[in-house]
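Subject: Structure handover

Hello,

Here is the structure you asked for, with the sequence alongside. My notes on the disulfides, the cores and the strands follow below.

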Amino acid sequence: TIRLREKDICTGKSGDCHIYVDRINLSRSKLLIENSSRPVVIHLLGPKQGNTGTNSEPASITLGPQALICGVDTNSNTCNQRPERLVIMTDANQKPDQCLGQNHRINLAGRSLPAAWILMRKGTVSLQEETQLQGVIWSHSYCSNSTSH
């Protein structure tokens with residue numbers, strides 16, 4: 001279990017907390033993000049689409065059915081089920097190639113992300129199996145069972 005404490009990730013006295021990542025890949029690990037007093041926004045960065053440089057691994061978040069990312073109250077190990085306090089978004093500047101592209105993508109399974117707002121306007125949300133999420137998904141491409149919507 002990995003815990004990101006509000007006091008460590010939220011600088012300043014007010015406003016949202018912002019975390020910038022290129023990739024998250026969890027199969028059985030738990031990532032608990034304290035967000036009881038302020039919303040936490042995870043920005044999925046990665047290389048710009050079309051970049052063929054040496055650091056061109058796709059920007060993605062992949063959560064297996066035994067993994068977990070959730071917002072928790074301070075010092076709690078129980079997901080607080082407050083989707084408005086955990087936002088995942090991409091800063092992509094191009095639309096994805098439907099469900100074929102792996103860049104700027106979030107792959108979900110089971111209850112690995114129980115409550116969140118997912119804002120992937122130029123990204124992809126892909127369900128790897130039956131998935132449960134309390135919140136909102138805004139995505140350019142939505143993929144499940146090898147189909148796009």
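A residue is called buried here if its relative accessible area is under 20%. Please keep in mind that this is a predicted model.

Disulfides

By that cut-off, both Cys99 and Cys143 are buried. The two form a disulfide, with their sulfur atoms 1.8 Å apart. The torsion about this S-S bond is -100°, and the link is left-handed. Cys99 lies in the loop between strand 8 (86–90) and strand 9, while Cys143 belongs to strand 11 (residues 134–144), so the bond ties together parts that are 44 residues apart in sequence.

The count of disulfides comes to three. Another of them is formed by Cys10 and Cys17, with a distance of 1.7 Å between the sulfur atoms. Both Cys10 and Cys17 are buried. This disulfide is right-handed because the torsion about its S-S bond is about 120°.

Cys70 and Cys79 are also joined, S to S 2.1 Å. Here the torsion about the S-S bond is -80°, and the link is left-handed. Why is Cys70 classed as buried? Its relative accessible area is 1%, and the limit for a buried residue is under 20%. Counting bonded cysteines along the chain, the disulfides follow the pattern 1-2, 3-4, 5-6.

Nonpolar cores

Which residues touch the most other members of the largest nonpolar core? They are Ile61, Leu63, Ile69, Ile106, Leu108 and Leu113, in a core of 26 residues. Strand 2 (17–21), strand 3, strand 4 (30–34), strand 5 (40–44), strand 6, strand 8, strand 9 and strand 10 (115–131) each supply at least two residues of this core. Strand 10 gives the most, with five residues.

A second, separate core has five residues, including Leu68, Cys70, Val72 and Cys79.

To look at one residue of the largest core, take Ile61. Leaving aside residues up to four places away in sequence, Ile61 touches Ile24, Leu44, Ile69, Ile88, Arg105, Ile106 and Asn107. Two of these contacts, Ile69 and Ile106, are listed with Ile61 among the residues that touch the most other core members.

Strand pairing

Strand 6 (residues 60–63) pairs with strand 3 (residues 23–26) in the parallel sense, over four bridges. In this pairing, Leu26 stands opposite Leu63 of strand 6. Strand 6 also runs parallel to strand 9 (residues 105–110), and three bridges join the two. Ser60 has Arg105 of strand 9 as its bridge partner.

What is the strand order in the open sheet of three strands? The order is 1-4-7, and the pairing is parallel. Strand 1 (2–4) and strand 7 (68–72) are the edge strands, each pairing on one side only. On average, neighbouring strands of this sheet are turned by 20° against each other, direction ignored. Strand 1 and strand 4 run parallel and are joined by three bridges. The bridge partner of Arg3 in strand 4 is Leu32.

Regards

Methods:
Residues are numbered from 1 along each chain as its sequence is written. This is a predicted model: local features need pLDDT of at least 70, side-chain atom pairs count only at pLDDT 80 or more; totals for chains, interfaces and linings use all residues. Side-chain values use heavy atoms; hydrogens and water are left out. Two strands pair if DSSP finds at least two bridges between them. A disulfide is a pair of cysteine sulfur atoms within 2.5 Å. Buried means under 20% relative accessible area, exposed over 50%, partly exposed in between (1.4 Å probe, protein chains only). A nonpolar core is a set of buried Ala, Val, Leu, Ile, Met, Phe, Trp, Tyr and Cys residues joined through side-chain atoms within 4.5 Å. Contact means heavy atoms within 4.5 Å. Axes are lines fitted to C-alpha atoms, for helices over the stretch in contact, and angles run from 0 to 180 degrees between N-to-C directions.
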